Amino acid sequence: MTDATVYNTHWHLAHSQPSVLLDYFNPTRGFIPQINILFSRFKAIQTLCDAGQADEPLTRLRNELAFHLVKMSRWWGFDFCPRGLTGVKNPLFLTYVKAHISRSIDDECFFDLFTMQRQMHGGDSGHILVLGRDQFSTSARTILYGVDGCKSFRFANQQKNTEPEWHRYSYPDFASAWLAAWSTHCSGENVCKNLREHLAAEREHACARSWHQRYFHHLDARRAIKQYAEAQTQLEICQSPFGKAEFETIVNSLAFDIVKAAFDRSITIADLMEESGTSDGTLRTANTIKYRARTHVATNVDPCHKPDMDTLLDRTLSYIPRRCA
């Protein structure tokens, strides 16, 4: 992408399809980068629609992205209020979602499971909607994923020409089920050399879930700095690549929140840190935060917004040495 790119209807129809933006069955793609770009594209297309460019293909895409915001909120377990997040009133947002699911039976089934449950046995953990198969399954053994009547995620092992055997435990989000499936698969097959790593990833993701849940909660500067320190501590004790990757994105996202707060106040990062009373305001600390914020913009932000965010970072100073009187 270049600065000359025009993000118009034609561009979005080519580049903002959910199949391009999202990979539901591969949690290593990460929560934060996927939800950021999904949210950004919905907002951009909603703006085009409000400006009178709502032809049928763009309207359908907007409606599909609205549904995927709802689906992602259940898939990753984050708090989602349409009006608070997108600016679209909840009843209107729901009409977008319903318009989409009227065209997709699979999406309609998923939406119904988490709402009215007209097609499910509500509260029945044994009634399971199959979502799909693990993309890393082998020809000898397939791992299936589903959601049960209690609205919890499940996984099953299925050997060739046999019925799937659903694991007895349920999980609050897909990534938890995915990690548990591979831990169980490894221990059952006795072929995994990294079972300890898988189990560590399960524990670390359980910690990351609370961060994902409140990802869109508003943070003032003091809370952002406090949570940055807490997430940094958690990152330092992560033992698995999956857990480290999750907490890297969390820490980097919070670092950007700190830089943005300093930019809005027209003060240095170090001064903002010192004001909070929760961390030192040294050059080294400020530079680390700014570096992490740059990493967040480079890896977790919609490319459409990177130039503006890079400019924000360039205009925010880390530290100004104090001179003795």
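Let me start with the largest nonpolar core. In this predicted model, that core has 80 residues, and F93 and I258 are the ones that touch the most other members. Helix 11, residues 241-265, supplies the largest share of the core, with eleven residues.

Stay with F93 for a moment. Leaving out residues up to four places away in sequence, F93 touches F42, A66, L69, V70, F80, P82, T86 and V88.

Next, a pair of helices. Helix 9 covers residues 195-213 and helix 10 covers residues 221-237. The two pack at an angle of about 165°, and their axes are 11 Å apart. An angle over 145 degrees counts as roughly antiparallel, so helix 9 is roughly antiparallel to helix 10. Which residues make the contact? From helix 9 they are E204, C207 and W211. From helix 10 they are Q227, E230, A231, Q234 and I237. As for handedness, the crossing of helix 9 and helix 10 is left-handed.

Take Q117 to begin with. You will find Q117 in the loop between helix 7, residues 105-113, and strand 1, residues 128-133. Phi of Q117 is near 55°, which is a positive value in a residue other than glycine. Is Q117 buried or exposed? Its relative accessible area is 14%, and the cut-off for buried is under 20%, so Q117 is buried.

S266 also has a positive phi, near 60°, and is again a residue other than glycine. S266 sits in the loop between helix 11 and helix 12, the latter being residues 269-276. S266 itself has a relative accessible area of 67%, so S266 is exposed.

Where is T162? T162 lies in the loop between strand 3, residues 153-159, and strand 4, residues 165-166. With a relative accessible area of 36%, T162 is partly exposed. What does the side chain of T162 reach? The side chain of T162 reaches the backbone oxygen of Q159, at 2.6 Å. Q159 is also where strand 3 ends, given its range of 153-159. There is one further distance for T162. T162 and R141 are 21 residues apart in sequence, and from C-alpha to C-alpha they are 10.0 Å apart in space.

Definitions and conventions: Residues numbered from 1 in each chain as written. Predicted model: local features only at pLDDT ≥ 70, side-chain atom pairs only at ≥ 80, totals over all residues. Heavy atoms only, no water. Helix = DSSP H or I, 4+ residues; strand = E, 2+ residues; numbered from the N terminus. Buried < 20%, exposed > 50% of the residue type's maximum accessible area, 1.4 Å probe, protein only. Polar contact = N/O pair within 3.5 Å; in protein donor to acceptor, adjacent residues only side chain to side chain. Core = buried A, V, L, I, M, F, W, Y, C linked by side-chain atoms within 4.5 Å. Contact = heavy atoms within 4.5 Å. Axes fitted to C-alpha atoms, helices over the stretch in contact; angles between N-to-C directions. Parallel < 35°, antiparallel > 145°, perpendicular 65-115°, else oblique. Left-handed = near helix turned anticlockwise from the far one by under 90°.
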